[in-house]
Amino acid sequence: MTHVYDVLTEHRSIRKYKQDPVDEKHLEMILRAAQAAPSSVNGQQWSIILVKDQEKKDKLASLTGDQSWVAEAPVFLVFVADYNRAKLAAKKNDNELKITESVESIMVASVDVGLAAGNAIAVAESLGYGIVPIGGVRREPEEVIELLELPQYVYPIVGLCIGIPESKEEKKPRLPLQAVVHNEAYNKDQMIDIDVYDDIIHNYLLERSAGKKDTNWSKQLSDLYSRVYYPKVYPSLKKQGFDNDK
């Protein structure tokens, strides 16, 4: 139990990898752990596209916003929302697949993906590998869909780099626990001192970037959320069969 806690609480996002391959037995353990995660109604509304091919990783690195670590990691997993199997189940039982007309389908699949990815991350890190999740697979979704040959009712949610760390990053400071845990009901008065946390993150970023990254938590967050930063998600979801109108 102590080992599990230590692995989870010592997480660091790793963006520099050695070129050593991920051991095949370890990779199978990671994938089986992902598959063991709970899912809504045992629907298992997710799949993994396992990518090792260098040319394909290079393309994905470009599509995710020139994230070089996608190309450098020996293994890149793309977790996808997957209702293709549900469509086959519906056909077998003379039913219609209607859930994809609702945003609930995206919420269910995203939670399922998150649980599976969390298991994969925990096992990978327990085996000594470094990881970093890549939301950028949704940046150019139609091209990712084409590259990975995703059928209707399947959509890329998040990628995951896995490899042996070239160096160990400093652990990023989190918000205080009392900022994210509320007793019995959400307490709007339970506000954090943003100035204090901004100073903590500011100092962390300055040290990590050798003085080049002069910003803080609230500035980064508010700049990002001042726009729809992946505007191609909604129209591409509809093209994949997720109407999201209910």
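Gly130 is bridged to Gly163, a residue of β4. The structure is a predicted model, in which local features need pLDDT of at least 70, side-chain atom pairs count only at pLDDT 80 or more, and totals for chains, interfaces and linings use all residues. Residues are numbered from 1 along each chain as its sequence is written, and side-chain values use heavy atoms, with hydrogens and water left out.

**Exercise A: the sheet**

Solution. 
- Step one, terms. Helices (H or I, at least four residues) and strands (E, at least two) are DSSP runs numbered from the N terminus. Two strands pair if DSSP finds at least two bridges between them.
- Step two, the pairs. Six bridges connect β1 with β2 in antiparallel fashion, and Val51 faces Phe76 of β2 there. Strand β2 (residues 75-82) is joined by eight bridges to the antiparallel β4 (residues 154-163). Along that pair, Phe79 lies opposite Val158 of β4. Five bridges link β3 with β4, again antiparallel.

Solution. 
- Step one. Contact means heavy atoms within 4.5 Å.

Task: Decide how far β2 is enclosed by the rest of the structure, and where the buried residues of α3 lie around its axis.

Solution. 
- Step one. Buried means under 20% relative accessible area, exposed over 50%, and partly exposed in between (1.4 Å probe, protein chains only).
- Step two. From β2, Val75, Leu77, Phe79 and Ala81 point one way, while Phe76, Val78, Val80 and Asp82 point the other way; all are buried. Because eight of the eight residues of β2 are buried, this strand is largely enclosed by the rest of the structure. For β3, the count is four of the five residues, so β3 is also largely enclosed.
- Step three. Helix α3 (residues 54-63) has Lys57, Leu60, Ala61 and Leu63 buried. Viewed down the axis of α3, the buried residues fall within an arc of 165°, so they line one face of the helix. This arc is that of the directions from the helix axis to the C-beta atoms.
- Step four. The cover over the buried residues of α3 includes β1, α4 (68-72), β2 and α7 (141-147).
- Step five. Ile145 belongs to helix α7 and is buried, at a relative accessible area of 8%. Leaving aside residues up to four places away in sequence, Ile145 touches Leu150, Tyr155, Pro156 and Gln240.

**Exercise D: positive phi**

Task: Determine whether Asp94 and Ala210 are buried or exposed, and where Asp94 and Ala210 are found.

Solution. 
- Step one. Most residues other than glycine have a negative phi.
- Step two. Asp94, not a glycine, has a positive phi of about 55°. Asp94 sits in the loop between α5 (84-92) and α6 and is exposed, with a relative accessible area of 73%.
- Step three. Ala210 has a positive phi near 55°. The loop between α9 (194-208) and α10 (217-224) holds Ala210, which is exposed at a relative accessible area of 68%.

**Exercise E: domains**

Task: State how the protein is divided into domains.

Solution. 
- Step one. Domain 1 spans 3-171 and domain 2 spans 177-218, with bounds that come from an automatic or database domain assignment.
- Step two. The centres of domain 1 and domain 2, taken over C-alpha atoms, are separated by 28 Å.
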